[in-house]
Amino acid sequence: MKKSKVYFTPIDDSKDINELKSAFGKIITQSGLLNNVGEGEFTAIKLHFGEEDTDGYVNPRAIKVLVDAIKKKNAKPFLTDTNVLYKGMRSNAVDHLNLAYSHGFGYETTGAPLIIADGIFGENEKSFSVKGHHLTSIKTAAPIQYFDNMISVAHCTGHMNTGYAGALKNICMGFASRAGKQIQHTSTKPTINGDKCVLCKRCMDLCPENAIIEKNGKAFIDKKKCTGCSECIIACFKHFAVNISWSEGIRLSQEKMVEYALGILSQIKNKVFFNFAVHVTSDCDCMPKSEVIADNIGILASADPVALDKASHDLILAKMGKDGFKDRYPEADCKRMFEYAGQMGLGNMEYILQKI
Ligand code: SF4
Ligand code: SF4
């Protein structure tokens, strides 16, 4: 199979906003990846706006560079994401928008409107068919079917299901409705380590199924009620007492994620993917105060999300000199996800890196 092209612009100092903007502008222009964006076309810029107490999300001032490039083509850019499962600041569009604005994603900074694609409460959902080995349909934000262009801008991070996360996770989880997110997680039901639990009850407050009860002075998960949404893992970010039972299906969860990405991307005519391999954190941007494990690598871009994620992962590992994602999540191997994505025709693990 022909290798996919991945463009790469290095970054020396990710905190230097002028350098970040200049590098983003360079890769946008010289990659030519926006060439297919046409006049008047609705162009979704898929982002993660961060969570409370996180700062790993892509700087909104850099996003303006992309918005301006799309506007130059007389297209209609807008920033978008979907609501999440847990009862945090992104579980409804009102809180989600307030959070995004507090992180600087307002029109005055980015130059684009911000739209939560699945509605105020996650109700704007639609099912689409997919030919997967595990799934025949997916549940996503309904408007994806009307996007002329979708530009993913992902921050590279660690992730509990995949070890590493970038473009693929930005799409499969990022455009899934709340039910769709749950379906991708259902095979990874967590357990609580009583030795670490201090019974702060945060997980009990956030569990959407009320599946966590107090037992012998510790939190305890009722597996009959648990849907495997994994949000209690995020809730327990201070004590790390909640563990996923990896043996119950981490691989299945990854394969469902790939099938979601496949179904979502098949709805959209023109797709472009950018990965920011800067300020790379051990956990995804839903997790507060996660550790920076690599920085100052660069921005990568491609029309192939699999090649892009593989190249990003390779460059991050080279920068770290070890596999810091495996240190954090030993059994969540992203390479299996890349391989499955390749088998399903989502992209190519083989790539040519073109430095810009
Ligand atoms: S959030 Fe963690 S420490 Fe707190 S009750 Fe739940 S498992 Fe225990
Ligand atoms: S106990 Fe189950 S349903 Fe409740 S937050 Fe954890 S994974 Fe989700």
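Predicted model: local features only at pLDDT ≥ 70, side-chain atom pairs only at ≥ 80, totals over all residues.
Which residues are the closest to ligand 1, and how many surround it?

View 1. Ligand 1 is surrounded by 14 residues, of which C197, C200, C203, A219 and C236 are the closest. Sorted by class, this shell holds 11 nonpolar residues, together with one polar and two charged residues.

**View 2. The surroundings of ligand 2.** Around ligand 2 there are 14 residues, and the closest of them are C207, E209, C226, C229 and C232. The shell of ligand 2 is made up of nine nonpolar, three polar and two charged residues.

**View 3. The packing of helix α1 against helix α2.** Helix α1, which spans residues 17-31, packs with helix α2, which spans residues 60-72, at an angle of about 30°, and the two axes are 8 Å apart. Because angles under 35 degrees count as roughly parallel, α1 is described as roughly parallel to α2. The two helices, α1 and α2, cross in a right-handed sense. On the side of α1 the contact is formed by I17, L20, K21, F24, G25 and I28, while α2 contributes R61, A62, V65, L66 and A69. Taken by class, the residues of this contact between α1 and α2 comprise eight nonpolar, one polar and two charged.

**View 4. The division of the protein into two domains.** Domain 1 consists of two segments, 4-183 and 250-355, whereas domain 2 covers 189-244. Between the C-alpha centres of domain 1 and domain 2 the distance is 28 Å.

Conventions
Residues numbered from 1 in each chain as written. Chains lettered and ligands numbered in written order. Axes fitted to C-alpha atoms, helices over the stretch in contact; angles between N-to-C directions. Helix = DSSP H or I, 4+ residues; strand = E, 2+ residues; numbered from the N terminus. Parallel < 35°, antiparallel > 145°, perpendicular 65-115°, else oblique. Left-handed = near helix turned anticlockwise from the far one by under 90°. Contact = placed C-beta atoms within 7 Å. Nonpolar A, V, L, I, M, F, W, Y, C, P; charged D, E, K, R; others polar. Near = placed C-beta within 6 Å. Domains from an automatic or database assignment.
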